[in-house]
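Thanks for making time this morning.

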Amino acid sequence: MGDRTSTHPGAAGRAPVADRPGSVRNVALVGHRGSGKTTLVEALALASGAVSRAGRVENGDSLSDHDEIEHRQQRSVQLSLVPVQWRGIKVNLLDTPGYADFVGELRAGLRAADAALFVVSAADGVNGSTRLLWEECAAVGMPRALVITHLEASRADFGEMTEICRRVFGADDPDAVLPLYLPLHGEPGRDGHAPVAGLIGLLSRRIFDYSSGERIERAPDPGHLPLIEEARNRLIEGIIAESEDETLMDRYLGGAEIDVQTLVGDLEKAVARGSFHPVLAAAPAAGGARQGLGTVELLELITGGFPTPEEREVPLVTTPDGRPRAPLSCDPDGPLAAEVVKTSSDPYVGRMSLVRVFSGTLRPDATVHVSGHGMADRGHEDHDEDERVGALSAPFGRQQRQLSRAVAGDLACVAKLSRAETGDTLSDRDDPLLMEPWVMPDPLLPVAVQAHGRADEDRLSHGLARLAAEDPTLRLEQNPDTRQVVLWCMGEAHRDVVLERLRTRCGVRVDAVPHKVALRETFAVPATGRGRHVKQSGGHGQYAVCEITVEPLPAGSGIEFVDRVVGGAVPRQFIPSVEKGVRAQAARGVTTGHPLVDVRVTLTDGKAHSVDSSDAAFQTAGALALREAAAGARIHLLEPVAEVRVSVPDEYVGTVMSDLSGRRGRVVGTEQIPGGTTLVRAEVPETELGRYAVDLRSLTHGTGRFARAYARHEPVPRQLAGRIREQAESSVA
């Protein structure tokens with residue numbers, strides 16, 4: 001692995017084909033924005049022979065970032081697949097966005113992958129979000145390796161960055177994070193910086209020289225060997241510590257020379273198990289060169305050290321109605337179980353679904369069962385239906401290259417699944433299955449929108465449904481209290497992409513408006529009111545009088561209506577009319593236009609007319625009585641309070657608690673979490689949480705996370721309530 005000579009068997013112009021799970025490797029490239037993931041993907045495609053020019057297909061587009069939004073924003077905003085072939089192995093490279101707002105695309109990439117390649121910039125280092133992601137992968141046992149990029153930067157230091165990676169990613173066992181190669185520097189330039197011209201293989205003691213633009217293997221100079229001995233010995237000890245052969249360590253300590261192929265074999269097994277994490281180096285090819293520095297070594301690591309799909313467990317499946325099923329294996333002849341990991345829209349072929357086949361074989365024109373459940377809270381209805389699969393293809397930049405099938409363990413794009421959404425399960429029509437979903441983060445930034453014009457209003461619901469099908473991190477809310485359409489997003493960058501896609505893909509223009517929080521009103525003290533609705537001028541008269549008392553009730557009681565009329569002062573048939581009028585007025589509010597809650601309204605007396613009284617008249621009287629009672633009473637304005645749980649590294653706890661206090665929050669407790677993290681529990685008014693998803697990220701440099709849940713409504717402070725009432729009165733005026 002990494003010390004073998006290579007040919008370049010890539011097949012430019014043809015889609016790589018896998019005929020069995022053992023000939024597939026699925027790898028997600030992970031790292032913060034600007035670490036060089038997309039450049040590395042294109043360098044690997046070039047080195048494998050998948051493209052003829054560095055990272056460019058015939059029309060000049062990038063293989064990964066070919067979406068128009070990505071061109072405009074100069075960053076990846078979605079998961080992309082680039083399949084290449086190396087030594088008869090199909091390698092599905094999954095390029096994931098590095099910006100925190102698009103973590104949903106990243107999680108989808110990890111679902112489709114069997115291993116993760118963490119890309120770290122030698123110029124920028126490791127950020128907090130990358131550390132959190134490493135921990136997520138560790139929790140599920142996903143094999144990981146690291147590649148250090150941007151070695152051409154003047155301040156790049158491979159040795160220093162390797163030590164940082166060992167300290168950050170190898171906190172429990174630093175000797176499980178070790179380099180396989182050391183950079184070979186060329187002659188210093190005018191600025192004194194010596195560029196990296198090749199690599200020194202620690203196990204093979206061979207030089208891999210890239211200075212000519214091609215990878216040339218040669219023997220080391222005599223002065224090289226003393227420089228690598230310490231690193232080589234540490235690597236061998238780290239490999240032997242992970243070996244299943246318990247005699248190796250004794251033999252090594254006894255002075256025996258361990259065969260290199262034995263070490264390579266044990267290394268590959270340890271990487272596949274996820275117990276050893278090699279560090280490599282890479283730099284893009286210069287000029288017209290085909291092989292960038294370290295690209296061949298990476299391809300050898302991926303094909304030789306990363307696990308095959310057969311070595312990873314298939315996610316649990318049930319029947320669509322929840323009954324358990326026996327665990328599946330990665331068998332091309334087994335029952336079909338595939339999952340839509342990404343949904344997108346193509347202007348020519350319509351909806352495209354990127355599918356990971358976990359079991360069975362997916363073929364074009366087959367009829368499959370599509371199951372989607374458990375996303376109703378995000379605007380996705382549960383669904384079970386049969387659909388015919390369209391063409392299967394492998395992406396290549398903007399192009400799609402036709403496939404004849406996709407076996408278990410492989411990835412493919414499926415055309416014309418009109419109802420399939422991200423996260424849905426595809427299975428045999430006669431044996432429908434539902435796959436256990438992967439964990440998606442909650443969108444916590446609310447964005448209220450309204451249609452820009454009448455034509456946009458007609459298309460808005462269809463456009464939003466289309467985006468929700470593509471993006472499971474987008475939650476749609478039709479708020480009945482505020483009568484707003486709210487898009488819950490991951491952050492401001494996610495919001496911008498959603499609104500731009502709504503405009504460019506769906507032809508819908510919307511305007512962002514201030515997000516409203518569902519306030520309430522209630523009576524602070526008992527009150528009485530009299531509603532009199534009497535009209536005698538022209539036509540049929542109207543006559544209704546009712547008297548009520550209003551009493552506050554405990555929170556959560558709603559509106560309680562009680563009839564205490566005696567002597568028939570209000571005829572029995574009109575008492576429901578009074579209640580209807582009271583409840584309608586309560587829904588409209590009595591002072592600021594927010595719903596009235598938690599009161600008991602008692603009808604005590606009234607008057608009726610034998611001819612002019614009616615249902616409508618008593619509804620009006622009931623509403624008037626409630627408004628009069630409110631006019632003479634103290635009304636509390638209530639705001640929703642959320643229970644907030646913030647998880648942050650210990651060094652940011654003080655900053656976060658201070659910020660929560662500034663948001664009128666009450667910290668109710670803290671809890672230490674292993675790994676130097678603290679959980680802060682607080683109660684915060686929801687009016688103060690509108691931008692908290694953005695602000696927390698800024699406060700904690702991307703390392704803070706939070707969850708929120710509705711707790712209750714509480715009275716708004718008097719001064720703030722006064723301002724809200726003034727705004728309500730001015731808007732009416």
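Burial first: a residue counts as buried under 20% relative accessible area, as exposed over 50%, and as partly exposed in between, using a 1.4 Å probe and protein chains only. On that scale Tyr99 is partly exposed, at 29% relative accessible area. Phe102, at 3% relative accessibility, is buried.

Now the provenance. This is a predicted model, where local features need pLDDT of at least 70 and side-chain atom pairs count only at pLDDT 80 or more, while totals for chains, interfaces and linings use all residues. Residues are numbered from 1 along each chain as its sequence is written, and side-chain values use heavy atoms, with hydrogens and water left out.

The overall picture: the protein has 733 residues, and 55% of them count as buried. Along the principal axes, the C-alpha atoms fill a box of roughly 115 × 60 × 50 Å. There are 16 helices and 36 strands. These are DSSP runs numbered from the N terminus: H or I of at least four residues for helices, E of at least two for strands.

Next, the rings. Rings of Phe, Tyr and Trp (the six-membered ring for Trp) pair if their centres lie within 6.5 Å; planes under 30 degrees apart are stacked, over 60 edge-to-face, and the rest tilted. That rule gives seven aromatic pairs. Among them, Tyr99 and Phe102 make a tilted pair, 6.3 Å centre to centre with 45 degrees between the planes.

How are the rings of Phe118 and Trp134 arranged? Their centres are 4.9 Å apart and their planes at 65 degrees, so the pair is edge-to-face. Phe118 sits in strand 4 (residues 115-121) and Trp134 in helix 4 (residues 128-139), so the pair links distant parts of the chain, 16 residues apart. Both Phe118 and Trp134 are buried. Together with Phe169 they form one aromatic cluster. Trp134 also has Arg144 over its face, at 4.6 Å from the ring centre; the criterion is NZ of Lys or CZ of Arg within 6 Å of the centre and within 35 degrees of the ring normal.

His383 is in strand 17 (residues 383-388) and is buried, at 6% relative accessibility. Its side chain is joined to that of Asp424 by a polar contact of 2.6 Å. Such a contact is a pair of N or O atoms within 3.5 Å; within protein, one must be able to donate a hydrogen and the other to accept it, and residues adjacent in sequence count only if both atoms are side-chain atoms.

On a 1 Å grid over the protein atoms alone, a cavity is a set of points where a 1.4 Å probe fits but cannot get out; a pocket is an open set with protein on both sides within 12 Å along at least five of seven lines; lining residues have an atom within 4 Å of a point. Grid points are joined across faces, edges and corners, and volume is the space filled by probe spheres set on the points.

The count is four cavities of 30 Å³ or more. The largest cavity holds about 150 Å³. Its lining has 18 residues, with Glu105, Glu470, Asp471, His494 and Arg501 nearest the centre.

The second largest pocket holds about 1,400 Å³. Of its 48 lining residues, Thr482, Lys516, Val517, Ala518 and Leu519 are closest to the centre. Helix 16 gives the largest share of that lining, six residues.
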